[in-house]
Amino acid sequence: MQSIKGKVAIITGASKGIGLATARKLAKEGINLFLISRSEEHLERIAKEISKMEVKAFYSKCDITKPAEVEKAFKSFKANFDCLDILINNAGRGIFNYIQNGSVKEWEEMIDLNFTGLVHLTHLATKIMIPQNRGHIINVSSVAGRVGIPGWSVYCATKWAVVGFSESIRKELLKYNIRVTVIEPGVVHTEWGENMPHEWITQRAQMKALMPEDVAEAIYYALTQPENVSVNEILIRPTEQER
Ligand SMILES: NC(=O)c1ccc[n+]([C@@H]2O[C@H](COP(=O)([O-])OP(=O)(O)OC[C@H]3O[C@@H](n4cnc5c(N)ncnc54)[C@H](OP(=O)(O)O)[C@@H]3O)[C@@H](O)[C@H]2O)c1
């Protein structure tokens with residue numbers, strides 16, 4: 001395990017769930033953070049909490065589906081930090097619907113956030129990481145990026161896209177000493193998931209699911225490997241989750 005104390009990381013979707021748990025874990029380990037999500041109130045409170053751990057913490061209110069807001073967030077990042085070691089593309093939404101019932105609006109919301117926004121953030125991060133000749137990009141996909149699930153077809157498609165994108169950029173970026181890792185959690189106890197049928201909600205609530213902290217530990221594991229070790233993929237399920 002290699003110390004990453006003092007490094008600088010951007011985390012998207014840092015206001016709650018997996019992003020928040022990862023922010024807390026990394027801050028505890030001495031990593032300076034730039035937090036992104038739409039809810040300024042939450043980010044302000046979390047940045048305050050994290051600053052007490054003797055690391056720098058800044059934030060930007062940003063809707064990742066809006067390219068102009070992403071560009072603005074990066075400008076703000078660059079005003080506060082002069083390097084970028086780690087990008088954690090974690091923000092994501094899942095809206096349940098069978099294909100015959102869905103709408104263009106909900107498909108666009110998932111595609112623009114889970115995929116296009118992640119690509120945009122990665123693009124901007126590489127402009128900093130390539131000249132540095134170092135960096136680590138962590139993309140949070142899902143078990144849904146490995147299997148198809150009825151009712152989650154468009155969500156699954158966005159997460160499969162993240163896997164394909166990550167593997168391609170891993171090959172593009174390795175010559176710049178930039179590592180790429182995909183994290184693929186199964187069910188995690190968070191507020192994730194919209195429009196879910198009652199039986200899904202009950203099933204998830206009854207499951208001894210992963211906690212956001214379990215996923216944060218998997219991310220930390222990938223980040224702390226020696227420089228010659230590139231953890232490409234971590235698929236992590238609750239023990240009792242079959243599919
Ligand atoms: N929970 C699970 O079972 C599970 C399983 C596998 C994979 N995942 C993936 O893990 C990631 C994190 O999910 P989670 O479970 O932690 O969900 P969560 O608790 O709902 O958190 C989602 C995060 O994304 C942010 N977000 C949502 N829309 C955004 C937007 N348009 N622009 C910027 N930020 C936005 C939210 O912040 P604001 O609302 O403040 O914007 C929040 O911080 C997602 O990519 C999800 O697909 C989750």
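Predicted model: local features only at pLDDT ≥ 70, side-chain atom pairs only at ≥ 80, totals over all residues.
1. Across the chain the average pLDDT is 97, and 100% of the residues score at least 70.

2. Next, the overall layout. The chain holds 7 helices and 7 strands, and reading from the N terminus their order is β-α-β-α-β-α-β-α-β-α-β-α-α-β. The chain is as compact as a globular protein of its length, because its radius of gyration of 17 Å is close to the 18 Å that the globule rule gives for 243 residues. If you turn the model to its principal axes, the C-alpha trace spans about 50 × 35 × 35 Å.

3. Buried residues make up 39% of the 243 residues. Of the contacts with a separation of 6 or more, 71% are between residues 24 or more positions apart.

4. The largest nonpolar core has 55 residues, and the members that touch the most others are Ile10, Ile11, Ala23, Leu33, Leu35, Val215 and Ile219. Helix H4 (residues 104–132) supplies the largest share of this core, 7 residues.

5. Setting aside residues up to four places away in sequence, Ile11 touches Gly19, Thr22, Ala23, Leu33, Leu35, Ile36, Ile88 and Asn90. Three of these partners, Ala23, Leu33 and Leu35, are themselves listed with Ile11 as touching the most other core members.

6. What surrounds the ligand? The shell has 31 residues, and the closest are Gly13, Gly17, Arg38, Gly92 and Thr190. Helix H1 (residues 17–28) gives the largest share of that shell, 3 residues. By type, the shell divides into 12 nonpolar, 14 polar and 5 charged residues.

7. Is Trp152 buried or exposed? Trp152 counts as buried because 23 other C-beta atoms lie within 10 Å, and the cut-off for buried is 20 or more. Leaving aside neighbours within four places in sequence, Trp152 is in contact with Gly94, Phe96 and Ala144. With Gly94 the sequence gap is 58 residues, yet the C-alpha atoms are separated by 7.6 Å.

8. Ile149 sits in that loop too, between S5 and H5. This residue is partly exposed, since 15 other C-beta atoms lie within 10 Å. Beyond its neighbours within four places in sequence, Ile149 is in contact with Ala144 and Cys156. Ile149 and Arg243 are 94 residues apart in sequence, and their C-alpha atoms are 9.2 Å apart in space.

9. Ala218, in helix H7 (residues 212–223), is worth a look as well. Ala218 is buried because it has 22 other C-beta atoms within 10 Å. Not counting residues up to four places away in sequence, Ala218 touches Ile183, Ile234 and Ile236. Thr202 is 16 residues from Ala218 in sequence, and the C-alpha atoms of the pair are 26 Å apart.

10. Finally, two backbone details. Most residues other than glycine have a negative phi. Glu54 has a positive phi, near 60°; this residue is found in the loop between helix H2 (40–51) and strand S3 (57–61). Glu54 is exposed, because 9 other C-beta atoms lie within 10 Å. Asn195 also has a positive phi, near 65°, and its place is in the loop between strand S6 (178–185) and H6. Asn195 is partly exposed, with 13 other C-beta atoms within 10 Å.

Terms used. Residues numbered from 1 in each chain as written. Core = buried A, V, L, I, M, F, W, Y, C linked by C-beta atoms within 7 Å. Buried ≥ 20, exposed ≤ 12 C-beta atoms within 10 Å, placed from the backbone. Helix = DSSP H or I, 4+ residues; strand = E, 2+ residues; numbered from the N terminus. Contact = placed C-beta atoms within 7 Å. Near = placed C-beta within 6 Å. Nonpolar A, V, L, I, M, F, W, Y, C, P; charged D, E, K, R; others polar. pLDDT = per-residue confidence, 0-100. Rg over C-alpha atoms; globule rule 2.2 N^0.38 Å.
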